[in-house]
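Please examine the sequence and the model shown below. The paragraphs that follow lead through selected parts of the model in turn.

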Amino acid sequence: MTTANFPLPIPNLDNQVFWDNCREHRLVLRRCNDCQESFHPPKPTCPLCSSENLEWVASEGKGKVYTYTITRQPVNPAFRERLPWGIVDVELTEGVHMISNLVDLDPEQIEIGMDVEVVFERVSEEITLPKFRAV
Ligand SMILES: [Zn+2]
């Protein structure tokens, strides 16, 4: 297990199920039963139609790099050791965007449109982060 030395997400009532599933290496999304749209991050109401009629659905965990940035300055000192750091906006096949990182790839090699799939990085007892790798 990686020992996290950087700030971690803090699960709350809206996203506890998401983090519980990540811990089991499953990527899940919130889906609206009224307008049928999936979305992320988890919220108590649909961001498109405000419905509270939501369910959790499994994501395929596959998608493409929609866009990215490479951080070269430590916006938080805890991230200094990770620079340069590639931050990607992945568009999942479900049409949902998720901000994450790519693993096993030099950030300079990230390309828009690159096919990626989810992998999971356990960083604490409670938190396992969804990351992506090129496929
Ligand atoms: Zn909706």
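K62 stands opposite E117 in β7. The strands β4 and β7 pair in the antiparallel sense over 3 bridges, where two strands are taken to pair if DSSP finds at least two bridges between them. Strands (E, at least two residues) and helices (H or I, at least four residues) are DSSP runs numbered from the N terminus. The model is a predicted one, in which local features need pLDDT of at least 70 and side-chain atom pairs count only at pLDDT 80 or more, whereas totals for chains, interfaces and linings use all residues. Residues are numbered from 1 along each chain as its sequence is written, and side-chain values use heavy atoms, with hydrogens and water left out.

Strand β7 has a further partner in β8 (residues 128-134), and β7 and β8 pair in the antiparallel sense over 7 bridges. In this pairing F120 stands opposite P130 in β8. Strand β7 itself spans residues 115-122 and is mostly covered, with 6 of its 8 residues buried. Here buried means under 20% relative accessible area, exposed means over 50%, and partly exposed lies in between (1.4 Å probe, protein chains only). In a regular strand the side chains alternate between the two faces of the sheet.

The loop between β3 and β4 (62-71) holds S59. At 13% relative accessibility, S59 counts as buried. Its contacts, defined as heavy atoms within 4.5 Å, are with L27, V28, L29, L92 and E94 when residues up to four places away in sequence are not counted. With E94 there is also a polar contact between the two side chains, S59 to E94, at 3.2 Å. A polar contact is a pair of N or O atoms within 3.5 Å; within protein, one must be able to donate a hydrogen and the other to accept it, and residues adjacent in sequence count only if both atoms are side-chain atoms.

Which atoms coordinate the zinc ion? The donors are the SG atoms of C32, C35, C46 and C49, at 2.3 to 2.4 Å. Donors are N, O and S atoms within 2.8 Å of the metal (3.2 Å for Na, K and Ca); water is not among the atoms, so sites may look incomplete. The angles among the 4 donor atoms of the zinc ion are 102 to 120°, and the site is tetrahedral, a term that requires all angles of four donors to lie between 85 and 135 degrees. Along the chain, the donors follow the spacing C-x2-C-x10-C-x2-C. C32 lies in strand β1 (residues 28-32) and C49 in the loop between β2 (38-39) and β3 (54-58), so this pair ties together parts that are 17 residues apart in sequence. C32 is buried, with a relative accessible area of 0%, whereas C35 is partly exposed at 27% and C49 is partly exposed at 35%.

N15 is found in the segment before α1 (16-23). With 14% relative accessibility, N15 counts as buried. Leaving aside neighbours within four places in sequence, N15 is in contact with I10 and P42. A polar atom of the N15 side chain lies 2.7 Å from the backbone nitrogen of N12.

Conventions:
Four donors count as tetrahedral if all angles lie between 85 and 135 degrees; four count as square planar and six as octahedral if opposite donors are over 155 degrees apart and all others between 65 and 115; anything else is irregular.
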